[in-house]
Amino acid sequence: MEIQHIILRHVKMELLEPFTTSIFTETHKEFILVEILGKNGLSGWAESVASPEPYYKEETLKTNWHIMEDYLIPLLLQHPVSHPSELQKLFEPIRGNSMAKAALEGAMWDLYARSNNEPLWKALGGTKETIDVGVSLGIKDSEYELLKAVEKNCEEGYKRIKLKVKPGWDLDILKAVRTRFPDISLMADANSAYTLGDIDHLKAFDEFNLTMIEQPLAYDDIIDHAKLQRELQTPLCLDESIYTFDDARHAIALGSCKIINIKIGRVGGLYESKQIHDLCKEHGIPVWCGGMLEAGVGRAHNVAITTLDNFTLPGDTSASSRYFSSDITDPAITVENGVITVPTTPGIGFEPNRKRIEERTHYSKLYKF
Ligand code: OSB
Ligand code: MG
């Protein structure tokens, strides 16, 4: 895979409404868009999911730029690879920084698939032609507003509703939503808002027939989660705690969760995602694809990885139109009755629109090979 140049773009897009979790409120989506131009004249694309602030993970947009510019891009320059699966090893000497690695690796996968004239999902070994998706609903100003949002998204056909929770925005709203919508697939995501001291409070979640509780305890914990899982009927799902294949292996061995949320950026790329997927499949642990409020390019990568067969639960890849007035790909990501039809065109299958990208780019830099 011969490279002509790499362009990093700092892109900023306004969110249609603020998105609030137990740890942050985002009003804008700001990210690094990676374009790798091959010697064959084709471009591969990916987004880094690192946000400007280190609230979800320690990486930020600026640390990602630094790691890519000073370490990862020089490694790519000095060590040409023939297949994107070689990048995991190549990047291994750089510790952590999974979102930075995943962004470059993802763009290389897109370039690779386009160069072979095949869809990215096929290059990854995916099999599904459609994928099921749900929505993640942020913390709202009132229960009334939340109920309206649940109703709207149920009517649109989303296959599962995820509610962001935190102490003070949990049992009451879960009860209200469950009472009003007795049969929907409902789950809660706490983004580490609780501790083991809250165990009796968390046991009360069992009453609401949730498909899972996502990341109730600390972002770097798998020990306390194992203890909590033994006390709860509701399956626990880990998000923040799983950065690597080994984290997944340890969590499964300890019984820290019954489900894993795979985010390509959090785990360092598509190859690591696929390895975690395969491990979970071996152990009977279902997985689903999480979201990071990605724009179209990032969502396209999520669609591709979700075509692997152990992604059996609906993911968070909801339609672009939920977050943006217009997206950076053609077409945007659209959802019908909770289903995305997987594209059959080469690469990520949702084409980056250069004009709209340019309009949203604040700064860019080209690295010549
Ligand atoms: O914890 O899954 C999360 C968004 C940003 C950071 C963390 C999370 C989320 C979401 C939104 O839940 C998922 C999406 O719609 O992209
Ligand atoms: Mg989460």
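Two strands pair if DSSP finds at least two bridges between them. Strands (E, at least two residues) and helices (H or I, at least four) are DSSP runs, numbered from the N terminus.

## Model and numbering

This is a predicted model: local features need pLDDT of at least 70, side-chain atom pairs count only at pLDDT 80 or more, and totals for chains, interfaces and linings use all residues. Residues are numbered from 1 along each chain as its sequence is written, while chains are lettered from A and ligands numbered from 1 in the order in which they are written.

## The parallel sheet

An open sheet holds 7 strands in the order S5-S6-S7-S8-S9-S10-S11, with parallel pairing. Strand S5 (135-137) and S11 stand at the edges with a single partner strand each, so one side of each has no neighbour in the sheet. Strands of a sheet pair through backbone hydrogen bonds, either parallel or antiparallel.

S8 and strand S9 (residues 236-238) are parallel partners over 2 bridges. There, Ile-213 faces Leu-236 in S9. Strand S6 (residues 161-164) joins S7 in the parallel sense over 4 bridges. Here Ile-161 stands opposite Leu-186 in S7.

In a regular strand the side chains alternate between the two faces of the sheet. From S7, Leu-186 and Ala-188 point one way, Met-187 and Asp-189 the other way. All are buried (20 or more other C-beta atoms within 10 Å of a residue's own; exposed means 12 or fewer, partly exposed in between; C-beta atoms are placed from the backbone).

## Annotated binding site

An unreviewed UniProt entry gives the annotation "binding site" to Asp-189, Glu-214 and Asp-239. These residues span 51 residues in sequence, yet no two of their C-alpha atoms are more than 9.2 Å apart, so they gather at one spot. UniProt positions use the numbering given here, feature names are shortened, and annotations may be inferred rather than shown by experiment.

Asp-189 sits in strand S7 (residues 186-189). It is buried, with 26 other C-beta atoms within 10 Å. Glu-214 belongs to strand S8 (residues 213-214). It is buried too, with 28 C-beta neighbours inside 10 Å. Contact means C-beta atoms, placed from the backbone, within 7 Å. Leaving out residues up to four places away in sequence, Asp-189 touches Glu-214, Lys-162 and Lys-164, among others. On the same terms, the contacts of Glu-214 include Asp-239, Cys-237 and Asn-261.

## Helix H10

Helix H10 (residues 270-282) has 13 residues and reaches 18 Å from its first C-alpha to its last. That is close to the 18 Å expected at 1.5 Å a residue, taken as 1.5 Å times one less than the number of residues. Its buried residues include Leu-270, Ile-276 and Cys-280. The buried residues of H10 pack against several elements, among them helix H3 (98-115), strand S10 (259-262) and helix H11 (296-306). Just after H10, Gly-284 takes a positive phi of about 70°.

## An antiparallel pair

Strand S1 (residues 3-20) and S15 pair in the antiparallel sense over 7 bridges. Val-11 stands opposite Thr-361 in S15.

Notes:
Two residues are in contact if their C-beta atoms, placed from the backbone, lie within 7 Å.
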